[in-house]
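Open the model in your viewer and keep the selection tool at hand. The stops below say what to pick and what is found there.

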Amino acid sequence: MNESQPTSEAEEFDVAVVGAGFAGMHLLHRLRGAGFTTVVLETADDVGGTWYWNRYPGARCDVESIDYSFSFDPELERAWQWSEKYATQPEILRYAQFVADRLDLRRDIRFSTRVESAGWDETSNRWTLRTSTGCNLSARFYVMATGCLSMPKDVDISGVGSFTGETYWTSRWPHEGVNVSGKRVAVIGTGSSAIQSIPHLAAAASELTIFQRTPNFSIPAHNGPHRPDKVAAFAEDRDGYRTAARHSGAGVPVTPADRGTLMVTTEERQHAYEAAWQRGGIIEFMGTFNDHGANSLANEHLAEFVRSKIRSTVHDPATAEALCPRSFPIGTKRLCVDTGYYETFNRPNVRLVDLHAHPLKQIGERGVELVDETVEVDVIVFATGFDAMTGAIVAVDITGRGGVTLAEGWSAGPRTYLGLQVEGFPNLFLVTGPGSPSVLSNMIVSIEQHVNWITDCLIGLRADGYETIEPTPTAVDGWVQHVNAFAGITLFPQANSWYMGANVPGKPRVFLPYVGGVERYRVACEEVVARDYFGFVRTGPAGAVHNDGVLRAVQPDVAIMLELTAQMGIAPLESMSPTDVRALVAAGNAMSPPGPHVGETIDLTVPGPAGPLAARLHRPPTIGPHPILVWFHGGGWVVGSQTSDDPFCRFLCVQTNSVVISVDYRHAPEACFPAAAQDAFAALCWVAEHATELGGALAPVSVGGWSAGGNLAAVVAQQARDEGGPAVARQLLVCPITDSDFSRSSYVDIAEGFGLTATLLHWFWDQYTDVEQRTDPRVAPLRAKTLVGLPPAVIVTCQFDPLRDEGDAYAAALMADGVHVEHIQADGHIHTSVLAVDLLPTGAPVRSQLAEAFVNLLDNSWTKSR
């Protein structure tokens, strides 16, 4: 269906789709098959989307052709054969046209039609669209399938209009092509489109000058025939191949690396890098080892390998160094795939201008004016990129409930639920929108997943009699936080990339795609549906159904750790003997990072009521004397030693500038209650008595501990008050055991699936105490008659810890009795995650907060005297 005639009455459809690229075409096909009246509105005069507009020389896909094609119809796949490994733009466009013709899609597509505005009518529960043709449309559902890289970025260089020569943009290359033969050409930009086009322009131009603000990493495509192994895998099991892609990390079936960069020798590492370099492919290259995206040192090894390739390829050393990226980790900007890019700089007609060394002043009549020269050219090519992911969406005047525009709602950054819907904009759907894997994945796989989810959603709404659907504010807040948290455990935020919106002046700097991967995202979307559209509000004649909540509340690195632990298939600890549990935990602790460097570490013994107690002292690297913290390790009174919390003790030593003395104690079942408490109190008394010789200051010692160690710290603070023991300055209680009441909701709601289980806690209690002993304040400090007069405390509780509620209750009880408490509630964390120094990045803010709070509890006069 071609351009419509203007009409004053709105034509009605079930669904209006904006964009006739791969997303819009597949959506039209599915919706039509499901019986929905659908219209697709497309600005261009043909299908193809991004591949219609991006026609610059050398334009190719950076995902292999076999993967970058529809999988929903085996017959469609058999009817089309790709000519080479990485398809060119003309071939991809022909493929899009082939799909449109074969599925007879054009009759429901209105070409040369731009949507100028779309508004939600709260009376009719419909979207009203106004188009550039004067045609008004009304639709129950409105879908933006506008693509992630379809809105060209405005050129932020003054004087563009003053240039008297030819001016072109790679994002809107003339369809008839451009002849630069014998001409002086300037290319501004060194992103993907520039890297692909520069070798072609250099071959034709008399002179080619590339103006580079930031160099980019690029790897060779090694384009040519399809890889035999990929062709064989696809031919042998087409369905299995496609299924593997859908359940992969990036939408391409590759085997994830199971080794870290630093786990192998230098020779092994170089061999692996070289093999990946010769093989080509972004996903496989970045996945040579499993830690390039999160570990700075590992990333630098890979980055330096690529820089070495640049130096060995580009003959002029100064040019080679200028082409070597150093301002961002490799992969945090889109890694490029090229054919002869770096070799191009060896041509005599090619010059690189480093805009950091020679800043660009403006575009003048004759060419590009730098601060120190004017480069006269006949042609300027702007390869300046796109307003990615959000630009094409907010370019349309979209108004939701209450007259709020989408641009206003996203003024501080996009806010979506799953990248699919926006709160306040009922029945508006986004295909591969911000907050979904999109540009960090094989786009075709992500498009198909979104199209299927949206279509199935509409089918379900129709079957159940609902008229509208939109996400709740709580669900949106939770998903936005999850997307940001996942990005935060990677190196991505370290780059000023278009992933962050940093390439567009004034655009909010937030991470736009979802870095958790295609499979993890797919599982989330399926879970939403399985939980009756969790996080959504649906309305219909019978009323509204609210299914509110946060879909992914666990911190992402914690979730990954839980997944990896589950994959190990370790038997429940409570099914083992205490000896076996100790061996297993000790082996795990031995594999943990050591924690920060301290000034000095000394192993010593402390007298105990039944014999010497092993202890380890960590001294800060600063000049003493220092406050002293006596620390008791966790492990349910059964497991652990003076070294088992070592990384965290080192952290506390450095961050609180304290001498930290971790003291072991007798363990159950060999020594049951009250043995551990007796040992802990004896250790406190001895350290307080010998504080000066241990390097301590005049201030009283402090006590702290994690889990069962937190229990002991709380107990000895009470004993010191009640039995004439030494003065205690402060308490630091991390996820403490404070009571024996197993009926609290956290014991029930978080009983399984978060590391520490309710069953294991019962087992710990059974090893340490008899049932009749469990109300004794020496094991259940919350049951003390009074908490008045106890030292101030920092108490940390974690959202997904069975011990959460009793820790919260102890904090509340202390405050009720007049004790100063800094209560830190670690959202998204589990019992073990706060102590995971250098393992779980999301625990770092919690650790910093508890250290700062602990320091601030010191008596101000003593602090000032230091």
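Start by selecting R462 and F36: R462 lies over the face of the F36 ring, 4.1 Å from the ring centre. A charge counts as sitting over a ring if NZ of Lys or CZ of Arg is within 6 Å of the ring centre and within 35 degrees of the ring normal. Next select R531 and F534, where R531 lies over the face of F534 at 3.8 Å from the ring centre.

Before going on, note that this is a predicted model, in which local features need pLDDT of at least 70 and side-chain atom pairs count only at pLDDT 80 or more, while totals for chains, interfaces and linings use all residues. Residues are numbered from 1 along each chain as its sequence is written, and side-chain values use heavy atoms, with hydrogens and water left out.

**Aromatic rings**

Colour Phe, Tyr and Trp. Rings of these residues (for Trp, the six-membered ring) pair if their centres lie within 6.5 Å; planes under 30 degrees apart count as stacked, over 60 as edge-to-face and the rest as tilted. The count comes to 47 aromatic pairs. Select F217 and F328: the ring centres are 5.6 Å apart and the planes stand at 85°, so this pair is edge-to-face. F217 lies in the loop between strand 9 (207–212) and strand 10 (218–220), and F328 in the loop between helix 11 (317–322) and strand 11 (336–338), so the pair ties together parts 111 residues apart in sequence. Helices (H or I, at least four residues) and strands (E, at least two) are DSSP runs, numbered from the N terminus. Are F217 and F328 buried or exposed? Both F217 and F328 are buried; the term means under 20% relative accessible area, with exposed over 50% and partly exposed in between (1.4 Å probe, protein chains only).

For a cluster, select F22, W51, Y68, F70, F72, W80, W82, Y95 and F98, which are linked by ring pairs.

**Salt bridges**

How many salt bridges does the structure hold? There are 51 salt bridges, each a side-chain nitrogen of Lys or Arg within 4 Å of a carboxyl oxygen of Asp or Glu. Select E84 and R60, whose side chains meet in one of them at 3.0 Å, N to O. This pair links distant parts of the chain: E84 is in the loop between helix 3 (74–78) and helix 4 (89–102), and R60 is in the loop between helix 2 (50–53) and helix 3, 24 residues apart. E84 is buried at 17% relative accessible area, whereas R60 is partly exposed at 25%.

Move to D722 and R721, which form a salt bridge at 2.7 Å, N to O. Here D722 is exposed, with a relative accessible area of 51%, and R721 is partly exposed, with 27%. Then select D805 and R804, another salt bridge, at 2.9 Å, N to O. D805 counts as buried at 15% relative accessibility. For a network, select E300, E304, R307, R311, E321 and R326, which are joined by salt bridges that share partners.

Switch to a cartoon view. An open sheet of 5 strands runs in the order 7-16-8-9-12 with parallel pairing; two strands pair if DSSP finds at least two bridges between them. Strand 7 (166–169) and strand 12 (350–354) are the edge strands, each pairing on one side only. Within this sheet, strand 8 (residues 184–188) and strand 9 pair in the parallel sense over 5 bridges. Select V185 to find its bridge partner in strand 9, L208.

Now go to strand 22 (residues 600–606) and strand 23 (residues 613–619), which pair in the antiparallel sense over 7 bridges. V606 stands opposite L613 in strand 23. In this hairpin, with 6 residues between the strands, G611 takes a positive phi near 135°.

**Cysteines and a proline**

Select the cysteine sulfurs. The structure holds 0 disulfides, a disulfide being a pair of cysteine sulfur atoms within 2.5 Å. For C148, the nearest cysteine sulfur is that of C61, 13 Å away. C148 is buried, with 5% relative accessible area. For C336, the nearest cysteine sulfur is again that of C61, 13 Å away, and C336 is buried at 2%.

Finish at P791, in the loop between helix 24 (758–768) and strand 28 (793–800). P791 is buried, with a relative accessible area of 8%. Its C-alpha atom is separated by 9.8 Å from that of A714, 77 residues apart along the chain.
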